Amino acid sequence: YVAGATVRHSHSYTLGEEFRRYFDTRVFHEQNKWMIEKFGKPTGEGVKFLKSELKYVIKNDPKSIIKAIASLGAKWTGYQSGRFYKKMPSSLLKKMSMFKFYW
């Protein structure tokens, strides 16, 4: 145990992986509506994250702003797409999800 330890958590996802991860997150929310009812919607969290991400990139690595915007777009599109998973054929769900075995 080291009280002053620092943990850095990061992923190096491609845009497709970002999309799939957030697609799966929305599917999880859709399949577990009781959590939303009990704990509330994550309303506004996406906007907070967007602002935080852009502020960080502008301050620390302004050359990667296009990559950051593309990543945010993939996340948003994936999350929004997950809302319609019940209307999608399993062949499409397997392409849109990180977890093909689930479908």
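A crossing of two helices is right-handed if the near helix is turned clockwise from the far one by less than a right angle. I wanted that written down before opening the structure, which is a predicted model.

**Entry 1: helix 1 against helix 4**

I began with this pair and found that helix 1 and helix 4 make a right-handed crossing. I then looked up the geometry: their axes cross at roughly 35 degrees and come within 7 Å. Which residues make the contact? From helix 1, I noted L15, E18, F19, Y22, F23, T25, R26, V27, H29 and E30. From helix 4, I noted A70, S71, A74, K75, T77, G78, Y79, Q80, S81 and G82. I sorted the contact residues by type and got eight nonpolar, eight polar and four charged.

**Entry 2: helix 3 against helix 4**

Next I turned to helix 3, residues 45-60, and helix 4, residues 65-82. I read an angle of about 165 degrees for their packing, with the axes 10 Å apart. How do the two helices run relative to each other? Angles over 145 degrees count as roughly antiparallel, and helix 3 and helix 4 are therefore roughly antiparallel. I also checked the handedness, and helix 3 passes helix 4 in a right-handed crossing.

For the contact, I listed F49, L50, E53, L54, V57 and I58 on the helix 3 side. Facing them in helix 4 are I65, A68, I69, L72 and K75. Here my sorting gave nine nonpolar residues, no polar ones and two charged.

I stopped at the loop between helix 3 and helix 4, where S64 lies. S64 has a relative accessible area of 18%, so I logged S64 as buried. Its C-alpha atom is 9.9 Å from that of L54, a residue ten places away along the chain.

**Entry 3: salt bridges**

How many salt bridges does the structure hold? I found four.

K75 forms a salt bridge with E18, and their closest N and O atoms are 3.9 Å apart. The cut-off for a salt bridge is 4 Å. This pair links distant parts of the chain, with K75 in helix 4 and E18 in helix 1 (residues 15-31), 57 residues apart. Are these two residues buried or exposed? Both K75 and E18 are buried.

Then I checked R26 and E30, whose closest N and O atoms are 2.9 Å apart in their salt bridge. The two residues are four apart in helix 1, so about one helical turn separates them. I found both R26 and E30 buried. I also noted that R26, E30 and K33 are linked in a network of salt bridges.

E45 and K48 are three residues apart, so about one helical turn lies between them. I checked accessibility here too: E45 is partly exposed because its relative accessibility is 41%, while K48 has a relative accessible area of 52% and is exposed.

I picked out S81, which lies in helix 4. With a relative accessible area of 16%, S81 is buried. Not counting residues up to four places away in sequence, I found S81 touching F19, F23, M88 and M96.

D24 came next, and I located D24 in helix 1. Its relative accessibility is 13%, so D24 counts as buried. What does D24 contact beyond its neighbours within four places in sequence? I found S97, M98 and F99. I also took the C-alpha separation of D24 and F39, which is 19 Å for two residues 15 apart along the chain.

Last, I went to W103, in the segment after helix 5 (90-96). W103 counts as partly exposed because its relative accessibility is 23%. Setting aside neighbours within four places in sequence, I listed its contacts as V27, Q31, Y85, S90, L93, K94 and S97. The C-alpha atoms of W103 and P89 are 9.7 Å apart, for residues 14 apart along the chain.

Key. Residues are numbered from 1 along each chain as its sequence is written. This is a predicted model: local features need pLDDT of at least 70, side-chain atom pairs count only at pLDDT 80 or more; totals for chains, interfaces and linings use all residues. Side-chain values use heavy atoms; hydrogens and water are left out. Axes are lines fitted to C-alpha atoms, for helices over the stretch in contact, and angles run from 0 to 180 degrees between N-to-C directions. Angles under 35 degrees count as roughly parallel, over 145 as roughly antiparallel, 65 to 115 as roughly perpendicular and the rest as oblique. Contact means heavy atoms within 4.5 Å. Ala, Val, Leu, Ile, Met, Phe, Trp, Tyr, Cys and Pro count as nonpolar, Asp, Glu, Lys and Arg as charged, and the others, Gly among them, as polar. A salt bridge is a side-chain nitrogen of Lys or Arg within 4 Å of a carboxyl oxygen of Asp or Glu. Buried means under 20% relative accessible area, exposed over 50%, partly exposed in between (1.4 Å probe, protein chains only).
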